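Thanks for asking me to look this over. Here are my notes, in numbered points, for you to read alongside the coordinates.

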Amino acid sequence: MDVIMPQLGETVAEGTVTRWYKKVGDAVKADETLFDVETDKVSTEIPAPASGVLAQILVQEGITAKVGARIAVIQESGAAVTTSAEPSVPAAAAERAAASTAPHPASSGFPRGGAAERLSPVVRKLCAEHALDPQQIAGTGRDGRITREDVLEYIATRGAPRPSALPSEPRAPQQPATAAAQSTISLTNVRRRTAEHVAKSWTTVPHVLQAMEADFHRIVEARRRMGEQWKQREGFALTYLPFIARAASIALAKFPHLNATFDGAQLKLHRRINLGIAVDLNFEGLVVPVVKDVPAKSLPQIAREINDLATRARAGRLKPDELTEATYTITNNGAFGTLFTAPIINAPQVAILSTDAVRKKPVVIEAPEGDSIAIRPVGMLAQTFDHRAVDGAYAAAFLREIKSVIEARDWIQALQA
Amino acid sequence: MDTSVKRKKATTPGIDIGRETRLELYRLQVELRYCEKRAYDLFLQNLVKGTSHLSLGQEAIAAAFGVAMRPDDWTFCTYRGHAHTLARGASMAGVLGELMGRECGLLGGKGGSMHLTDVTRGAMGSYAIIGAHLPVAAGAAWSAQYRGTEQVAVCFFGDGTTNIGAFHEALNFSAVWRLPVVFVCENNLYMEYTPIHAVTAVKNPAADRASAYGLESILIDGNDADEVYRTAVECMNRARKGGGPALIEAVTYRHSGHSRADPAKYRPEGELERWLERDPLNLYRTRLLHHGFTEGTLKDIEAEAMRKVDEATAVAKASPTPSLDGIEKNVWADGGAAWRN
Amino acid sequence: MAELTYRDAVAAGIAQEMARDERVVFLGEDVAAAGGVFKATVGLLEKFGPKRVRDCPISEQAILGAAMGAAMTGLRPIAEIMFSDFLAVCWDIVANEIAKTRYMTNGQITLPLVIRTANGAGSRFGAQHSQSVENWAMAVPGIKVVAPAFPADVKGLLAAAVRDPDPVLFFEQKSLYAMKGEVPDGECIDELGKAKVLRSGKDCTIVALAAMVHRALGAAEILEKQHGISCTVVDVRSLVPLDTRTILSEVVKTGRLVTVEENPRLCGWGAEIASIVADECFWDLDGPILRITTPHVPLPSADELEDHTIPSVERIVREIREKFD
C-alpha cells in the first residue's frame with residue numbers, strides 16, 4: 001500500500017521528509033513510527049499505515065514533497081509488490097528508491113535507505129575507535145550524511161541530552177576557526193519562517209501598544225503557598241503564565257472583538273478561546289503552541305498543558321494540530337527581567353499580550369484611613385492590537401479587565417480546582 | 001661488390017708510425033678480437049644474457065683510436081661498444097662481467113652490454129638509442145673548449161646513424177661552435193638488417209654529407225689500422241688546436257650479424273668471404289711481418305692476449321650476481337632513489 | 001625585499017648562480033642576444049659574455065645532448081627549451097639519456113644540469129604551444145621536476161636546481177611571467193622537495209601547482225566568504241622529489257583532498273597524489289577525492305575556449321561546492 005504525505009495543518013501544502021526510521025526491506029508494523037516530516041515549524045512522527053515490509057522509499061531524507069504525494073510503498077503481508085510507474089517526486093529520488101528494492105548486503109557500498117547509511121572512512125574509524133553506533137549519531141551532511149564533525153561533536157558531548165533544535169535540518173556550513181571579525185550565519189528553517197511571518201505582520205498590521213501595571217501579590221501568595229507542593233506533585237514549577245492565561249481568557253470572554261481574526265476586510269469573532277503561548281526554542285526560533293478552550297479548563301489543567309506544550313515544543317515533538325486555531329497569543333519574556341515588550345501581532349489574530357518581569361516595587365495603597373506605601377510585586381501587561389479591528393478605548397478596557405482579574409481573583413482556590 | 005676502398009683524401013704522409021706504436025696497434029686489435037670471441041662463446045654457454053652487438057671484424061677502428069687518444073680524451077660509442085670501451089683500457093673482467101650480469105661488471109650489472117662505461121678511462125658511455133650520443137659528445141667537447149683544455153671527444157657510430165635527426169643536429173651544432181669533437185662513422189655496409197645504400201640518399205653515408213656542415217669529406221679504409229691511426233691523429237690534433245670538428249667515414253665489415261640474435265642471412269652470397277679476406281687482424285699481421293717483426297713476437301702477443309682473456313673470464317665467472325639492494329641505488333647523486341619524503 | 005616580475009626572477013636566479021660558480025653556463029634558442037622570446041633572460045649576455053651565454057640553432061636534441069655532455073665533463077649547464085611542448089622533440093635525450101645514464105652506469109656519471117622551459121596555457125598560442133607537461137617528466141625516474149608559482153620561488157628554486165647534483169626540469173609558467181612578487185634581497189636559495197601551505201582551513205585541502213595555485217587561492221577566498229567552506233591551499237612546488245609529508249598531514253587535518261591541475265585529465269600529476277592519499281590517508285577521508293583538471297582534450301586557442309578549458313576560479317568553486325556537504 002502507498003504511504004502518502006499527510007496533511008499537516010490547514011495551510012500546509014508540502015512537507016520535508018527528515019528522517020526514515022526504517023530501511024527498504026525492513027519489517028514494518030502498523031502504527032509504528034515510520035518517518036519524520038517537517039513542516040513550517042514542527043516535526044512530526046508519521047506512523048506506518050499498515051504492517052508488512054517497506055518495499056520502496058520514494059522520497060529520501062531531505063527531500064520535500066507535496067501533501068498527498070506518494071512517499072513510500074509498504075508491501076503488506078501477503079500482498080504483491082506494486083512498484084510505482086510514475087513517481088510524484090523528482091525522478092532521481094524515485095530511481096534511487098527503485099534500485100534499492102531488494103536489500104543489499106552490508107558491504108555493497110551502494111546507498112540504501114538514505115545517505116545516513118553511507119559512512120566515510122574517517123567516520124567508520126572514529127566509530128570503531130570509540131565504540132559508537134552510527135545509528136545514534138545525527139547526520140548534518142548533505143542528505144543527512146554523518147560527517148566527521150558530527151561524530152566528533154557526538155563524542156565531545158556524549159552524555160549530554162540530545163540537542164533540542166528541530167531535527168535534521170541541514171546545518172549551516174561550518175565557520176572557520178580563524179574567521180575574521182565578521183561571520184555569516186544562514187537562517188534555519190524555523191527562523192526563516194518566523195522571519196517571514198513577523199515581517200508580514202509588521203508591514204501589514206497597524207500596531208498600537210498599550211501597557212498597564214498590575215499588582216501580582218495574590219498570584220505571588222498563591223505560588224508561595226502552593227508552589228512547593230505543586231512542584232513535588234507535578235514535577236515542574238508553577239510559573240505566572242497559567243495565571244495570566246486564565247486572566248486573559250476571562251477578559252477575552254468580555255471583550256470578544258479581541259478574540260478574533262481579521263483578514264483586512266472582515267473581523268471574525270471566535271466562539272472558542274484558544275490561547276497561543278509563545279515558546280522560545282533555546283534562542284533558535286519561536287513556536288506558538290495552542291491551549292484550546294481555555295475557559296473549559298481548570299487552572300491546574302492549564303498549567304499542565306502549558307508545561308507539556310512548552311516541553312514538547314523544545315524537543316520538536318508538537319503535533320500539527322497543536323499549532324493551529326489560536327485566537328489570541330500571549331508572550332512572556334518576564335524570566336529575563338524585561339520591563340515591557342511591544343510584541344508583533346500573530347496575524348491574522350488582532351492582538352497579542354506580553355507579560356514581563358514581576359518585580360517588587362513600592363506602591364501607594366489607598367485606604368479610607370489614608371494612603372500608605374507598600375512593597376508589592378508589580379508587572380507590566382502590554383498589549384499590541386490591530387487598530388483596524390479595535391480602538392484604543394476598547395483595548396484599554398480589556399487591559400483593565402485583565403488587571404482586575406489578576407489583582408482580585410482567589411488564585412489559591414483556583415489552584416485547588 | 002667492390003671491396004676495395006678509394007681514399008678521397010690522402011693522409012699526411014709525414015705521420016710516422018713507430019715500431020712500438022705498431023706493436024701496440026696489433027696487440028690491441030688481438031685483445032679486442034679474442035675478448036669479443038670469448039663473449040660469443042660465453043653466450044653459447046648461456047652465460048652472457050640478453051643481447052650483445054659484436055664488433056668482430058671492426059677492431060681496427062677502435063684499436064687505432066685507442067692508441068691515438070690521450071688518457072684525458074673522451075670516447076662516446078654505441079651499443080656495439082665492447083671494443084671501444086676495452087680499447088681505452090677498461091678491464092676485460094669488467095666488460096665480460098657486465099655482459100654476464102655479475103657484480104664485478106663495469107656497471108655492477110645495472111647497465112648491461114649496451115651501456116659499457118668506464119669514466120676513469122674516459123669511456124663516457126655506450127648509448128643504445130641511435131644518434132643520441134652525438135650531441136652528448138659535442139657537449140663534452142664544448143666543456144673542453146670552455147675550460148680551455150686540449151681534450152677531444154671522439155664519437156663512434158654506425159652508417160645507419162647518419163640518417164637520424166640527432167646526427168644532423170650534432171654535426172651542425174659542432175661545426176657552428178667549432179667544437180673539438182671527432183665523429184667517426186664505422187660504415188659496415190648494413191643498417192641492422194638492411195644494406196645502407198638502400199636507405200641512404202648518398203653513396204657514402206657520412207663522407208658525402210660532410211660538406212653539408214662545411215666539413216672536409218674523409219673516407220678511409222676502416223680495416224687498415226695504420227690508415228685509421230693517421231687519420232685519427234690528424235683530426236684530433238686539428239681539433240685540439242681549435243680547428244673544429246671532423247667527420248670520418250671508415251669503411252669496414254662485421255663478421256657476424258647485427259646482434260647475436262641475427263644469423264645474418266641477408267648478406268649476399270660470397271660477401272662475407274670476400275671481407276674475411278680483408279680481416280683487419282690478418283692485414284695487420286702480414287704488414288708487421290713485412291716490417292720485420294718476427295713470428296715469435298706476434299705469437300707472444302697473441303698468447304698474452306689469450307691469457308688475459310682467460311684470466312678475465314675466470315674472474316668474471318667467479319663473481320657473484322649483484323645484490324638486490326642495488327635496484328634502488330644510484331638514480332640520484334646521493335646514491336639513492338627516493339622521490340618522496 | 002624587492003618586487004620582481006616572475007620573468008625577472010628567472011634572469012636574477014640564473015645571474016646569481018652564474019656569478020657564484022664559473023662552471024655554470026647557459027644555452028638555448030634566442031636566449032642570449034634577444035634575452036629570450038619571453039624576455040626571461042634579458043641582460044645575461046651582457047653580464048656574462050658570449051662564452052657563457054650561448055645562442056643555439058633550432059636543435060633541441062643537440063641543445064640538451066650538449067648540456068648532458070658538458071654536465072658529465074665538469075660544467076653545470078642550464079639549457080632552455082623554449083616551449084615545454086618541444087620537450088617531445090628531444091624527449092629521448094631527457095627520458096632515455098639524461099634520466100637513465102647515472103643509473104645505468106651505476107653512479108659513474110653525474111649530470112648536474114637544469115633544463116628550463118616555458119609551460120602552460122593562457123596565452124592563446126594553440127595546442128602545440130600551451131601544454132603543461134610536467135606530468136610527463138614526473139613519470140620518468142631519474143629527473144627532478146619543479147614548477148614554481150611565485151617570483152620568489154622562481155629565483156630560490158632555480159638556484160637550488162642549479163646547485164643540485166642531479167638533472168632538474170624546471171617548469172616556468174608562461175602566463176605568470178608578468179606577475180609581480182616580493183623577492184628577498186641578497187642570495188636566494190630554496191629547497192627542492194618542499195611544498196608550502198599558503199592558506200589554512202578546516203573543511204578541505206586544495207593541492208595545486210604553478211598557475212593553478214593562484215586560482216586555488218582565489219577560489220578558497222570565495223568559498224570561505226560566500227559559501228562557508230574553509231580550505232587549506234598547498235603549493236606543491238616540487239613534483240619530484242615530492243613533499244608527501246606536508247601534503248598528507250594537511251589532508252588528514254581536513255579529511256578532504258582536492259587537486260587543481262592544468263594537465264589534461266589522464267595521468268595528471270594530481271592522479272599520483274590522489275592515489276597516495278587514497279592509500280595512506282584512507283581512514284582519515286571524510287569524502288571522495290576531487291580532481292579538478294583540464295578535460296582530456298588538446299587545448300583550443302580562442303580566448304573563451306581556452307579560458308573555459310583550463311580550470312578557472314569559478315569552476316573550482318563550483319566543483320568543490322557540488323562535491324561538499
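1. Let me begin with chain C. Bear in mind throughout that this is a predicted model. Among contacts in chain C with a separation of 6 or more, 78% are accounted for by residues 24 or more positions apart. The chain has 325 residues, of which 62% count as buried. Its secondary structure comes to twelve helices and 14 strands.

2. Chain B can be described in the same terms. Here, 75% of the contacts between residues at least 6 apart in sequence join residues at least 24 apart. Buried residues make up 54% of the 341 residues in chain B, and the secondary structure of chain B consists of ten helices and eight strands.

3. Next, the place where these chains meet. In the interface, 39 residues of chain B are in contact with 42 residues of chain C. On the chain B side, β2 (123–127), α5 (133–147) and α6 (165–177) each supply at least two residues. The largest share of that side comes from α5(B), with eleven residues. Sorted by class, the side of chain B that touches chain C holds 23 nonpolar, twelve polar and four charged residues.

4. The axes of α2(A) and α3(A) are 9 Å apart, and the helices pack at an angle of about 20°. Angles under 35 degrees count as roughly parallel, and α2(A) and α3(A) are therefore roughly parallel to each other. The crossing in which α2(A) passes α3(A) is left-handed.

5. Which residues make the contact between these helices? From α2(A) come Val122(A), Val123(A), Leu126(A), Cys127(A) and His130(A), while α3(A) brings Arg148(A), Val151(A) and Ile155(A). By class, the contact of α2(A) with α3(A) has six nonpolar, one polar and one charged residues.

6. Ala131(A) follows α2(A) and has a positive phi, near 55°.

Key. Residues numbered from 1 in each chain as written. Chains lettered and ligands numbered in written order. Predicted model: local features only at pLDDT ≥ 70, side-chain atom pairs only at ≥ 80, totals over all residues. Contact = placed C-beta atoms within 7 Å. Helix = DSSP H or I, 4+ residues; strand = E, 2+ residues; numbered from the N terminus. Nonpolar A, V, L, I, M, F, W, Y, C, P; charged D, E, K, R; others polar. Buried ≥ 20, exposed ≤ 12 C-beta atoms within 10 Å, placed from the backbone. Axes fitted to C-alpha atoms, helices over the stretch in contact; angles between N-to-C directions. Parallel < 35°, antiparallel > 145°, perpendicular 65-115°, else oblique. Left-handed = near helix turned anticlockwise from the far one by under 90°.
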